[in-house]
Amino acid sequence: MTTSSPAEVLPAEALRGAGVAQQEEFDAFVAARSTALLRTAVLLTRDVGLAEDLLQTALAKTWFAWRRIEVTPEAYTRRVLVNTYASWWRRKWNGEHPTEELPEPGAGRGRGRDGHDQDGHGRHDSHRVDDRTDLWAALGRLPKRQRAIVVLRYYEDLSERETADVMSCSVGTVKSQASRALAKLRVDPALMEAQS
């Protein structure tokens with residue numbers, strides 16, 4: 001995502017009456033922190049296009065509250081990001097479309113004698129393990145609140161207190177939800193298979 005100025009993120013009527021100094025502050029914030037915030041959005045949504053939309057929405061909401069933000073703008077924007085993600089998930093269908101046709105095999109792959117796809121080294125795809133893909137899929141199977149806590153605590157390296165502030169919950173809730181999420185990840189079939 002390229003960094004955007006408020007004029008690109010917000011409609012013209014939202015910018016009227018905003019001071020030049022406020023615009024410059026917001027521009028600097030977006031330029032400095034949008035990449036990190038986009039990473040959080042991608043980890044939450046698991047879709048780059050949806051993550052960009054989520055971030056744009058969060059930045060627009062942050063702009064409207066810019067004058068009244070009492071905490072750091074990044075903490076405020078992360079909270080808006082997580083809350084907007086949660087409300088979108090409740091309202092929208094997740095967009096998956098089941099299909100009977102599998103995608104084409106990737107480059108460097110061929111068919112073995114048995115007709116099954118093989119990678120460039122002659123191994124069957126069913127035996128190939130990609131830990132990042134397995135973890136990505138396992139994260140997607142977590143409930144959205146637990147996924148958000150895992151993303152904030154372990155990917156974004158926020159403290160329990162900072163995570164609790166972003167999630168608008170207690171530190172105890174962060175601890176218990178993180179514990180439950182990690183327990184689910186430990187017994188996730190894809191991750192257990194990758195370990196063996």
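1. Surface first: the protein exposes about 12,200 Å², with carbon and sulfur atoms supplying 51% of it. Those accessible areas come from the Shrake-Rupley method with a 1.4 Å probe, and for residues only the protein chains shown count as cover. Of the 196 residues, 37% count as buried (under 20% relative accessible area; exposed is over 50% and partly exposed in between, with a 1.4 Å probe and protein chains only).

2. Before going on, keep in mind that this is a predicted model, where local features need pLDDT of at least 70, side-chain atom pairs count only at pLDDT 80 or more, and totals for chains, interfaces and linings use all residues. Residues are numbered from 1 along each chain as its sequence is written, and side-chain values use heavy atoms, leaving out hydrogens and water.

3. On the fold: there are 10 helices and two strands, running α-α-α-α-α-β-β-α-α-α-α-α from the N terminus. Helices (H or I, at least four residues) and strands (E, at least two) are DSSP runs, numbered from the N terminus.

4. Have a look at Arg 147, in helix H7 (residues 144–155). Arg 147 is buried, at 4% relative accessible area. A polar atom of its side chain sits 2.6 Å from the backbone oxygen of Leu 44. Leaving aside residues up to four places away in sequence, Arg 147 touches Leu 43, Leu 44, Arg 46, Tyr 85, Leu 139, Gly 140 and Leu 142 (contact means heavy atoms within 4.5 Å).

5. Gly 172 belongs to helix H9 (residues 171–186) and counts as partly exposed, at 43% relative accessibility.

Key
A polar contact is a pair of N or O atoms within 3.5 Å; within protein, one must be able to donate a hydrogen and the other to accept it, and residues adjacent in sequence count only if both atoms are side-chain atoms.
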